[in-house]
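Work through the exercises below with the structure open. Each task is followed by a stepwise solution.

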Amino acid sequence: MIETADQIFVLLKHWLVGLLPAGWQPVAGVVLSVVAIIAVFPTLFALTVWIERKGLGRMQNRIGPNRVGPLGILQPVADAIKSLIKEDIVPLSADAAVHFLAPLVLVAAVFMGFAVLPMGRNMTLVNMDAGLLFYFAMGASTELAVFMAGWSSRNKYSLLGAMRAVAQMISYEVPLLMSSVAVVMMTGSLSLTKIVAAQNHYTWGLPHWYIFTPWGFAGFVMYAIATTAETNRSPFDLPEGESELVAGYHTEYSGFKFALFFLGEYLAMFSISGLGATLFLGGWSAPFSFLTWVPSWIWFFSKLMLSIFVFIWMRGTLPRLRQDQLMNFAWKFVLPLTLLNLLVAALWRFLGEGWERWVVCSAILLLAYVFMGWEGMRRGHLGPRRYRYAE
Amino acid sequence: MSLVFYAIAGLTLAGALAAVLLKNTVHCALALTVAFAGLALLFLELDAQFAGFAQILVYIGAVAVLVVFAILLTRGSETPKDGVYSRNWLAGLVIAAGVFAVLGWAVLESARALPHETAAPTVTVLQIGNALMSRYVLPLEIVALLLTAALIGAVIVAMHEKEGQK
Amino acid sequence: MLGEGILRGLAETARNFAGSFVSAERLTTVQYPEQRIAPMEATRDFPFLVYDGADWEAGLRCVACQICEKECPPQCIYIEKSKDKKPDFTGKPQFYPARFDIDISVCMSCQICVEVCPFEAIKMDTEFELSTEDRFGGLLLNREKLAKPNEHYHKIHPTEAAEVDARLAGEKAKADAKAKAAAEAAAAKAAAHVAVPAGTEAAPGGNAAGNPTAKPVEEESRA
């Protein structure tokens, strides 16, 4: 019974595919999985839009939208209809082909990332040996789409926004990869299903998730920062900040193309949160050993939505970082800490089991963080702003 | 030589041709990106997963972005007045044909020279990692040194510019 | 320590989030248009003309001095003076505006017209739900639409209206007192002239010199 609930989607797929003739079955299987992903994640996107608006409203001491449907639940539907019926304006001097292709390339690259995420037991679309590498390769392609969008609009604000966005994405790509490499190092494989399987053990009821280790916790924090920057989310949303650059690289997009950019951003958020859950939070494994009866895909999506809620929380709390501040932060703070994290992960492995490795590794990471933070504050790079007045 | 191979090869060639024949420089860069993607697909068709994904990650994610940044920050985005074809195109064509002939001969010779493999060898990332760390560790370190030198050089150039502005 | 501020900020928003479900007075918005927040007393939107009494035409305080028309920065007021006069609240005959138009699509609510009006005739209203589908005439308010009673002024700006009423009452009292004094002086003069012919035979020249009105002298001299 529990087994059925856990594997219900896999069984459903096998049954549907079995209805077709044998020659069509492999293709049909893949197509069915793809259709499932294309159906589920945009629906989740609509739900997230609603959650975000209501959540942000509540954090700002106001109720969010509550007119369209009970509690405003149909607001995403209203937004979708609005974006579909709006006029699609393309500037006269814009590069028409590139302008048209940019949102398509973005959404296509982002959708590809979902192919390797293990959404449940046996629920990975393509079980690749180098799954993590594939994911990051697709993530790198989104930068090009952002640049295409900014360039083709023939608008200096769009171009500036695109350049800032690409610079930001490249800067935070390195900490993102480095914090994932620590996980790969400890697991010994690039395959995401193997990474989840390595975390799916329990000691005294508690799981072996990597976040519960010193290097895993530090890695997770840095992964979260890098993720927020990669998806252009607050506080790293300078490229699309309304008060800064109108709308950055998607200024000249209206109607459905803008909706595609919006969709692309949120889908990127989902897939990268899913990857974070897989790498550090144990993917589809349950938090306690007595909770393994709950289906695995429920755990995966709960962790995903928890990450999304933390994103929304950060958006409602933190002010925007300036371009030079976020670049400084990436190269001078996060990157050295990720390199140290790699060292600490190796140390963790070679110190062997026991309490010594906990103490040593935690001490090294904590000291490094405190020292670098203190140094950054002293020099004025981080921390509250210091004013210099004219004499 | 299946249908998939011909399709991918056609895509790569089309991208490469567009990269040299188009007038707008940014369009050329994007067509080059398509050619890179075609190469990556060829690697994947041959089951070399690591090579294919590394190709996408490095070439499309970094090199293509570098190329477009270079076009942006210089004035290369304007269409050259004299047209895109150089005057001594015949010499260029001859040299390119010569290089292609040499490469083609080498590839075909190697297919004849190497022993026949019945099944395609599966090279896992683990094997690549092992090889890098044991047999090819010296090239790895030299490449790392080269990259560090490039990074330091870039920082020095940028620092000099900043000092020059002051 | 680094990151402390961020954690404090996150705690604050978490408190806001949880609190917004629990206590309704935390919320800063209302369900407009079913509920409306009462505007503050100093709210100002667009001008209106004050009239005293029941009849808006007779009680309109505006005397068409056209100062507000001249002082209005975007020049959104258009006034046409009348040809005849009607008495104002002190009884003095004044002109009145035959036409008084304000184009509220131009008006910028700067309140300069209110500040310069010597007759407390134009004040700022608090009405903002003035959107209309009539693109050309809907936002051009004429005299009739602008005229609102003094009771309305009291309702929207009680302190100001009380002050204005006190001032106007003071002026009216002063004007009344002056009129009464003038009337008493005139009556006293008339009584003095009536009482005088029985007694004194003042010389016409002396009388004429002292007395500005020539007629009683002639009557006296004739008598």
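**Exercise 1. A residue and its core**

Leaving aside its neighbours within four places in sequence, which residues is Ala64(B) in contact with? Then place Ala64(B) in its nonpolar core.

Solution. The model is predicted.
- Step 1. List the partners. Within chain B, Ala64(B) contacts Ala29(B), Leu32(B), Thr33(B), Phe36(B) and Tyr59(B) once its neighbours within four places in sequence are set aside.
- Step 2. Find the core. The largest nonpolar core has 114 residues. Ala64(B) is among those with the most contacts inside it, together with Leu133(A), Ala137(A), Ala145(A), Phe147(A), Ala162(A) and Leu267(A).
- Step 3. Find the main contributor. Helix α6 of chain A, residues 131-152, gives the most to this core: 15 residues.

**Exercise 2. Chain contacts**

Which of the 2 pairs of chains that touch has the most contacts? Describe the side of chain A involved.

Solution. 
- Step 1. Chains A and B have the most contacts among the 2 pairs that touch.
- Step 2. Count residues. Chain A brings 18 residues into contact with 16 residues of chain B.
- Step 3. Assign elements. On the side of chain A that touches chain B, the elements giving two or more residues are α6 and α7 (156-187). The most come from α6(A), with 10 residues.
- Step 4. Sort by class. This side of chain A has 15 nonpolar, 1 polar and 2 charged residues.
- Step 5. Turn to chain C. Its contact with chain A takes 13 residues from chain C and 15 residues from chain A. The chain C side divides into 6 nonpolar, 6 polar and 1 charged.
- Step 6. Check the remaining pair. Chains B and C do not touch, and their nearest C-alpha atoms are 27 Å apart.

**Exercise 3. Two helices of chain A**

At what angle do the axes of α6(A) and α7(A) cross? Classify the arrangement and describe the contact.

Solution. 
- Step 1. Take the geometry. The axes come within 8 Å and cross at roughly 170°.
- Step 2. Classify. Angles over 145 degrees count as roughly antiparallel, so α6(A) is roughly antiparallel to α7(A).
- Step 3. Name the residues. From α6(A), those that meet α7(A) include Leu132(A), Phe136(A), Val146(A), Phe147(A) and Trp151(A). Among those they meet in α7(A) are Leu159(A), Ala162(A), Met163(A), Val166(A), Met169(A) and Ile170(A).
- Step 4. Sort by class. The contact holds 15 nonpolar, 4 polar and 1 charged residues.

**Exercise 4. A glycine in α6(A)**

Is Gly139(A) buried or exposed? Give its partners.

Solution. 
- Step 1. Locate. Gly139(A) is in helix α6 of chain A.
- Step 2. Apply the cut-off. A residue is buried if 20 or more other C-beta atoms lie within 10 Å of its own. Gly139(A) has 25 other C-beta atoms within 10 Å, so Gly139(A) is buried.
- Step 3. List partners. Beyond its neighbours within four places in sequence, Gly139(A) contacts Gly113(A) and Glu230(A).
- Step 4. Compare sequence and space. Gly139(A) and Glu173(A) are 34 residues apart in sequence, and 9.0 Å apart in space, C-alpha to C-alpha.

**Exercise 5. A sheet in chain C**

In what order do the 3 strands of the open sheet in chain C lie? Trace the bridges.

Solution. 
- Step 1. Order the strands. The order is β2-β5-β7, with antiparallel pairing.
- Step 2. β2 (77-81) and β7 (140-141) of chain C are the edge strands, each pairing on one side only.
- Step 3. Join β2(C) to β5(C). They share 5 bridges. Tyr78(C) has Asp101(C) in β5(C) as its bridge partner.
- Step 4. Join β5(C), residues 97-103, to β7(C). The link is 2 bridges. Asp103(C) partners Leu140(C), and Ile102(C) partners Leu141(C).

**Exercise 6. The make-up of chain B**

How many helices and strands has chain B?

Solution. 
- Step 1. Count. Chain B has 6 helices and 0 strands.
- Step 2. Of its 166 residues, 17% count as buried.
- Step 3. Take the contacts in chain B with a separation of 6 or more: residues 24 or more positions apart account for 54% of them.

Conventions
Residues numbered from 1 in each chain as written. Chains lettered and ligands numbered in written order. Predicted model: local features only at pLDDT ≥ 70, side-chain atom pairs only at ≥ 80, totals over all residues. Core = buried A, V, L, I, M, F, W, Y, C linked by C-beta atoms within 7 Å. Buried ≥ 20, exposed ≤ 12 C-beta atoms within 10 Å, placed from the backbone. Helix = DSSP H or I, 4+ residues; strand = E, 2+ residues; numbered from the N terminus. Contact = placed C-beta atoms within 7 Å. Nonpolar A, V, L, I, M, F, W, Y, C, P; charged D, E, K, R; others polar. Axes fitted to C-alpha atoms, helices over the stretch in contact; angles between N-to-C directions. Parallel < 35°, antiparallel > 145°, perpendicular 65-115°, else oblique. Pairing = 2+ DSSP bridges.
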